[in-house]
Every structure is written in structure tokens, then in C-alpha cells.
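Subject: Structure handover

Hello,

Here is the structure we spoke about, with its sequence. My notes on what was found follow below it.

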Amino acid sequence: MAKARGRPRGRLVDLAYFPAVILNSALPMQATARNTDDYMVTEEPYYAAQGQEIELFEAAYTNRIPVLVKGPTGCGKTRFMEHMAWRLRRPLITVSCHDDLTASDLVGRYLIVGGETKWVDGPLAHAVRVGGLCYLDEIVEARKDTTVVIHPLADDRRLLPIEKTGELLSAPLQFCLAISYNPGYQSVLKDLKQSTRQRFVALEFSYPAADLEQTIVEKESGLSGDIAAKLVRFAGMTRNLKGSGLEEGASTRLLVHAAKLMASGVAPRTACQAAISEALTDDAEMLTAANELCASLF
Amino acid sequence: MPDRPLTAEELEERLEDDLDPVLSTRRTAEGPALALARFTRAQQNFVLHWVSVIVKTNSEMGFQFASQVPIALDLMDIEEVEKWIIHAMDVYDKQGLYPGSRAFQAVEQYSCALSERVVGIGFEEVEVVLERFLRGLSGRPLKLIAGDRVFTDSERIFLPACLASLGSPGRNFSLYKAMASFLWAQTRYGTFRRGAEEPTALSARCDAYPQPERAQRLFEALEAIRLTACIERDLSGLYREMMSLQRELGQIVHPSSWSGALHRLRRRNATVRDSFEFLSELYSATDQIPQPYCFQGRMQLEAVESAMQERQLREKEKFRVALKRLVDGQPDTPVGVAQRSRLEMDQRPLEVLNEQGSKVLTVDGQPLIPPADMQALMRSIWQDFGEIPEAYLVPAGSAPYWVDNGGEGRFREDLVDGPRDDNAYVYNEWDYRRGHYRKDWCVLRETDVHPSDESFVEDTLTRYSALVGQLRRTFEALRGEDRLLKRQIDGSDIDLDAVVEASADMRAGMEMSERIFTKFNKSERNMAAVFMVDMSGSTKGWINDAEREALVLLCEALEVLGDRYAIYGFSGITRKQCCLYRIKRFGESYDNGVKRRITGIRPHDYTRMGVIIRHLTGLLRHIDARTKLLVTLSDGKPDDYDGYRGEYGVEDTRQALIEAKYEGVHPFCITIDTEAHAYLPRMYGAVNYVVIDEVRKLPLKVADIYRSLTS
């Protein structure tokens, strides 16, 4: 149980980490002082395999093929990446993509430091240099031109051209590129292009089978088997409602949230309402239905 | 000082004006007028107002209202009376004059029910929540219907229209929920299930006893024991609630001779077969049958059997078609091999296999995972049989199959005159006189415009070739161009000019600017537009030509611009035959098909606009765009054969446009009706329309208007 808490992880790259301007030369140059060790996953993140994804990832890694993980939100994609980084003992650099993410956010840019320009690597270039795992989360959220940057890196060339410095980075053997996307709520606009997706080995994730999901909830929260089983059944009920009022059913992540609340002494119905029903929908009738479903179990 | 009440004579005179068509020498307005004379002037005005509103729908309804309203005013306050009027008018809309008049006549029952509502709760208040609740509980979707008895036919659940037997609305809701859940449990835990080889229907089993009625009641009591135990195991919270309801309404005591049955039926592996065994045992052994549970209802075996029979036929075909699709879809399977493949199904009972997991199906030893819709179908078949019967495991032949998709709800047979099809949608319509919607009032169908092979598009392009070139250039300039923004706080590159300036500032001791970056700005036009084109009879001739030409030029311009757009034509005759003609959908490219459909636009019937706007708003809801536009090309007022004209049509259209605005859609109207100033501001707002005074200018203007609208 203790393992679940305070576990150091591969660090999420906050783009504020690459401060835009350091003009005052008195400031230490933090931007370049990023330490690779910061991104190492030192303790094993709990991960229960749903199928053969671990073997598949390892085989892809050995053969230097990039990986696409797809699946609904909260089913364990990011956790899987952390687990693989720990397994392969490589630093994990995660970038959460958003619709303003540009190519230079990934590759790097010049900054002005004390009257001089200085090049600072972006997370992708950094990952290539240190031979780490670079995980671009929700890749379709990024601008379309961004995805093109990863093309030469994602085929057998494994190159990252840095236009502004004229550098051509060749990825070391240990480097691996992974992207994720959720096919469920994508609009036509935000579909992954064939030219991008056909460079990857694709691993499909879905919500784990009931008994496995129960084990996960127990492990993550320390809750007893019976309540965890009920939580999993409740999740199943909300998943039945997908498409008839709910956009998505409750994810494993939400179950873990609810379970953690319960483990801290919150009453089950209250915990489910706060962590699951309210997180799923704002629609009053849907909320009532979800709360009734929860009440029928606890 | 308040106005004095009207006298009976004055009232009679006023009523006669409105009710004239249904009055005769023997049927006068004297009675209602006398009865109304004792009310206050405000109440009298209220009545006179509503009489004049109702007679616009139907004069006889007006007379019925005038006759009953004195009683209503005695029993209820003004607000409740208004609800009673709306209720009766709804009945009239849906069922016609006689039920409508009866609803007015039943004013006393209505008022009684209303007072029950204080503690009670109505079906329509719980319907949506309970339907979702049951959907969540898994199994096949069950439709909830208000009826006078509590039972299920295994597809629909019938519940009372109103419940008031417990002390508070909350408790009565619990009772509704308990009833619905118990009936759900009958379908879920296999009360009606029988193996594929068992020929005996449930009703036949009961009929085999000398007193079938008593046998059925006994069977119901036994099943209630089994089902409540199932609910206790799987949904303990619900079980506690059901039992607390039962305690409130009187405990159920089982006779001592039932102890064996109680013990066995409560076991996990008990099935409906055990209930049958105890039925034959207890039928002769005991006279006592315990009271039914308060949520139990009465089984309607014939209804169940006919629903099941129909469903089984339907699902068998559906399953076999799905199976064929699944087997043929395998990469290694040549088409047609399906018939000879060896199919196996994991036949463990439903309870063992995970409800959300895939059921295991193997073809020639290869496991296959059925798609989600097929899994739902399999679950439904499982519920009926407890297995997938052998006869189902034969993929359908290659002949085209007609599979009825089982009334998914949007199709209302009673409303539709035309051919039955999947493209029928039902919409409400706003009646401004009543201040309420007429529910499920209009039926709309989508069809394609019949394409035409004339060379209209080419001719138009030739005729306007100069204009087309100009349009293209204007729209190109409008296209989202990438721009390099200078002096930004953050950006991909350094703005050297700004840096030089900033460092100079700094050296001079001034505060330096942070804005020293350049940023590449990609301005994407995030826009979706729907054009709805009037195809009513009045557009016949050159208006129609002008509309088509305008569309051709518009498409040329929009193709340059790259905005997403769709074009639909509309027309119709009466509320039951509103028609939306597809010309170009979102996502469809401007190809020959679209061009031929534009060419094929022909005038049809009338213009009922509200329903069209509601439908197109629905379409836009599914499009992800920052700006959504709904542009109407029209030649006149909303107008339809069955009274949809004048203020009524304008007000409904206005209401539909207000709904559209709530959804984030910007409506705009381009019209050639020179009198449009009289009504368009009311519908679209003062600035959201343009009147083009000459028809021949329409083609020249439309694209231009679109440009100024969106830039």
C-alpha cells in the first residue's frame, strides 16, 4: 500500500520549465540545467497487464519501432508508459499536447541570455539526446504541423532535424517515441492522419476485465475486495449508459479516486457521487440516475 | 378601483362572438355565462382570453372549456387551471376532439389527482431517470410506459401514471424505482426464460392446472422470492430500499409450508425451473398464497409471450446477419466460406461470463471478438434462452436481409402518414397562443434532391465567369493566412529588432520590454455554415433559377475559402409531411453529385420553417466549430397548409431560432420578399437579415453577404 503513495515518477514536462526569457545574466541558467535523472522512474509503478501489451512494447522497443497507445480516458495508458520506462530503465519525458503546442515547443528555441542567444532543447530533442522514452500524450490535440516534426523520427531514419541550429540529431538505440490518443471522443477534425498513424505499432487499451479492474482498485486504494467489486459493477453500469446520455462511462481512474475517498472514511454513496457521478455529467436527470444506480449497490 | 365584473348578458354576448360556429338554438352560451357571472373581473378576463385562444384551434373545445371552467375555478387556483387547459389541449393535439373534450369534462378527477400530487409523483417526472437507471442496470433497453397495471412484456415496462400511496414524493419515487427494478429483474434473471427445446410456454404451464389463475398467483409469489434474493445478492442497496418500502406497507408472511421453497429459491443457482417445481408441489399442498409485494405487479403472460416471440424471430435474423458479417470480415476467410465454417460459442451461463466482457465465439478454432452491437444482441438472446441456441449459429446467406431495427424510439407510427422509413424525425412546435409547445407535432423526413443532368452549373459559371473570378480572388484574400506576429511575450523565434530595442532601453536604465519574440500565427477559420434553401411552390420560375445560381456561385466561393458548409432545401405540406432535401452534407465534397443535386432543385409545396430550423440546429450540434451559421434563403413568410401562417408561423419560427441561438448557432436570413421588414425583425432580430429587392441580384449578392458576415 505504501508503494502507492509518494512514488517518484517520470516528470511531466511543464513547458514553463523552458522559461521564455532570461535576460538578467545574474540568474542561473536553470533552463539548461535539467538533469536526466529527474526523469527516471525509480520505483516500480503498479501496473496490471490486460493482455500482451508489455511483451509487445518490449519487442517494439528492441526493434526501434515507435508505439501508439490508444484507448479511452483513464484506462491506464500513462501508467503503462511509466511502468515501461521503469522496466526499461530509461528516462520518461511526457508532453501533454494542447491545441497551441507548436513544433518549436517540442524541438526547442533560442533564448536571450545576458545579451547572447542561447539554444535550449525542447522536450523531444532532449529525449533524443539522452536516449529516453518520449511520450506525447493526446497527440491529436496538438496543431497539425506538430505531428509532421515527428515523422522522420518515427520511421527507420530516426532523425530529428533541428532547423534553427542546422543540427541533425540521430536518435540513439535507447530512444523510443510513444504517442497516445483516444479514438472515442475525437471529432473528424482531430483524427490522426494515416501518414502519421501508419508509422507506429498500435496497442489498444480498454477498461480492464471486471476481476482485473477490481484487483487494480484494491491495490491502488487499499480497499477491501467486496467494496471494490461493487465499485467495478457501478462502473459497468455507467458504461452501459454510454451513448444514451453519457459521453463516456466511468474510467478506472475515477474508480480509484472513489476508492481512495472511501479508504479515507468517506461514505460509499458520497464518494461515488463526488468522484464518479459528478465527474461524469452535469445533466440533472443523468446525475439522479447515476446516483440511484450507485445507491442500488451500496 | 378594480373593474366591475361583467354581467351574465355581457358575458353571453362576448362568448357568442367566439363560440358562434358551435352554438345553435338549443345550445347557447347562456349556461356558461350565468355560471361565470359570479367570478371576479380578472377571472372572467382569464376565461374570455382562453376561450378566444382555444377556439382558434377548435370551436367545440372552446365550448367544452367554457362549460367546465366555472367548476375548475372553484376547485383550483388560476395557475392550476392553466395547467388543466394545457393538459386538455395536449390530449386534443394527440388524440383528437373526443378525448380532448373528455379531458375538459374530467375536471374534478384532474383536480383530485392534483391534490394527490402534493405527496405523490407523476410518471412523467420519473420516466427519464428510471429509463436511464434501468439502462445502467444492464440488459436490453426497456421502454417505460404509463399504464393502469404494473407489468412487463419483456420489452416494455408498464407503470402507474401517478403514485401517491406513500407519504412523500421521495418515498413514492422509491416505490416507482422498486417496481421498475423488480420488473427488470424478471427479464434479467430469466423469469420468462425457457430453453430452446422447451416447447411449453409459461401460460400453457399455468393453464395445465385446474385453476390457472391461482397457479399463476402462486408462481408469481415463488418467483418473487427468487428474484428478491437475486436483487439482494447483486444490488444490496436497492434490496434494502425495497424491503423498507414493504415494511411501511405491511410485512409479507410466508406460511410455514413454504420453508423448503424459501430455502431453495434463495440459493444462488436457483432458476425459474425451481419455481415451477415448487409450483406443482405447493399447488396441492397449500391453500395459502402470501400477499404480493407492493412492487410486484401482476404478470401478463400473453403479452410477454407475443413480445418474446416477435423479438426472437427478429433477433435470430439480426444475429445471423451479424455473424455473417463477422465471419466474412475475417481477412483469411474468402466470402461465402461462412456457411461451411464451424462455429462454436462459449455456452457458459450469462452470470458466469463477465457482463461487459466479450462473449467468446470461435470460428474453426479461431477466437473472434464480436463488435459492441453484436454483443448487446447476444446479451439479449442470452436473457431469453440462457444460451445462444444452435440454430442461431448459422450465418445468414448472401441474399439481402431486411432487418427491422425494432423501433428505436424516434419513429412514431401514429404520427406518420407516409411510408415507414428510418428518416422520420419528430419535433415539437411552438403555439404562441397557448404559450406552450405542441408535443411531437411535426414529422420531418430527410431525402436527397433528385439529381438532374442538365448543364445548369456549367451554364451559370459561363454566364458569371467574370464574377466567379472576382469572387475567388476576394475569398482567397479572406482565407486564413499564416502571419508572423512580432513583439510577442512568447514565441518560436527571437524578434531581433525588439531585442536590440530592449537592450538599448536596459542600458539607458529604462525598463525593458518583455516582448522580444516572434510567433507564427496560424489563423484557422473555424466556421461551419448550413444554408437552408426555400423550395416552396412560390419559388417557381425565376426565383428558383436565381436560388440555384446563387448556390453555384456560393459553392465556388466557399471551396476557395475552405469553410465547412452544408446545403439543404426544405418544403412540405402539413405538419406530418415536412421534407428536408439534402443537397450537400457536411463532409461531402463539392463534386458532380452535389452539382447535379443543385441543378435538380425544384419548387415543391409549402414553407414550414420551425421544424426545419430545429432539425438543422440538431445537425450543427454535432459539428465542432467555433462559429456556427444558419443561413436561410427565402422568398416569403413561413406558410403551410394546416394553419401554419400569419402570426402562428412567425412565432414558431422565432421560437425555433431562439432555441438555435441557445445552442450557439447564429441565424441569418437572405430574402427577396420586399415586405419582409414587417416580420423578419421579429423572427431574426433587427440586424440578422438582408432583403434583396431584385431577384436577379440574388446570385451576385449571396456570396458577398456570406463574406461580410464571416469576416
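I start with one residue of chain B. B:Pro451 sits in the loop that links β10 (436-448) and α17 (456-463) of chain B. Please keep in mind that this is a predicted model. Apart from neighbours within four places in sequence, B:Pro451 is in contact with B:Gly593, B:Arg596, B:Arg597 and B:Gly600. B:Ile601 is 150 residues from B:Pro451 in sequence, yet the two C-alpha atoms are 8.0 Å apart in space.

Next, a helix pair in chain B. Two packed helices are described by the angle between their axes and the distance between the axes. For α9 (residues 169-188) and α11 (residues 212-234) of chain B, the angle is about 100 degrees and the axes are 10 Å apart. The range 65 to 115 degrees counts as roughly perpendicular, and α9(B) and α11(B) are therefore described that way. On the α9(B) side the contact is made by B:Ser181, B:Phe182, B:Ala185 and B:Gln186, and on the α11(B) side by B:Leu227, B:Cys230 and B:Ile231. By class, five of these residues are nonpolar, two are polar and none is charged.

Now the contact between the chains. Chain A puts 34 residues into it and chain B 30 residues. On the side of chain A that touches chain B, β3 (108-113), α9 (225-240) and α12 (284-297) of chain A each supply at least two residues. The largest share, nine residues, comes from α12(A). That side of chain A divides into 17 nonpolar, twelve polar and five charged residues.

As for chain A itself, it has twelve helices and nine strands. Of its 298 residues, 45% are buried. Among contacts in chain A between residues at least 6 apart in sequence, 73% join residues at least 24 apart.

Last, confidence. Chain A averages a pLDDT of 82, and 86% of the residues score at least 70. In chain A, confidence is highest in helix α1 (residues 53-62), at a mean of 95, and lowest in helix α5 (residues 144-149), at 78. Over residues 1-33 of chain A the pLDDT is below 50, although this stretch has 52 contacts in the model beyond near neighbours in sequence. Where pLDDT is low, the predicted coordinates should not be read in detail.

Regards

Conventions. Residues numbered from 1 in each chain as written. Chains lettered and ligands numbered in written order. Predicted model: local features only at pLDDT ≥ 70, side-chain atom pairs only at ≥ 80, totals over all residues. Contact = placed C-beta atoms within 7 Å. Helix = DSSP H or I, 4+ residues; strand = E, 2+ residues; numbered from the N terminus. Nonpolar A, V, L, I, M, F, W, Y, C, P; charged D, E, K, R; others polar. Buried ≥ 20, exposed ≤ 12 C-beta atoms within 10 Å, placed from the backbone. Axes fitted to C-alpha atoms, helices over the stretch in contact; angles between N-to-C directions. Parallel < 35°, antiparallel > 145°, perpendicular 65-115°, else oblique. pLDDT = per-residue confidence, 0-100.
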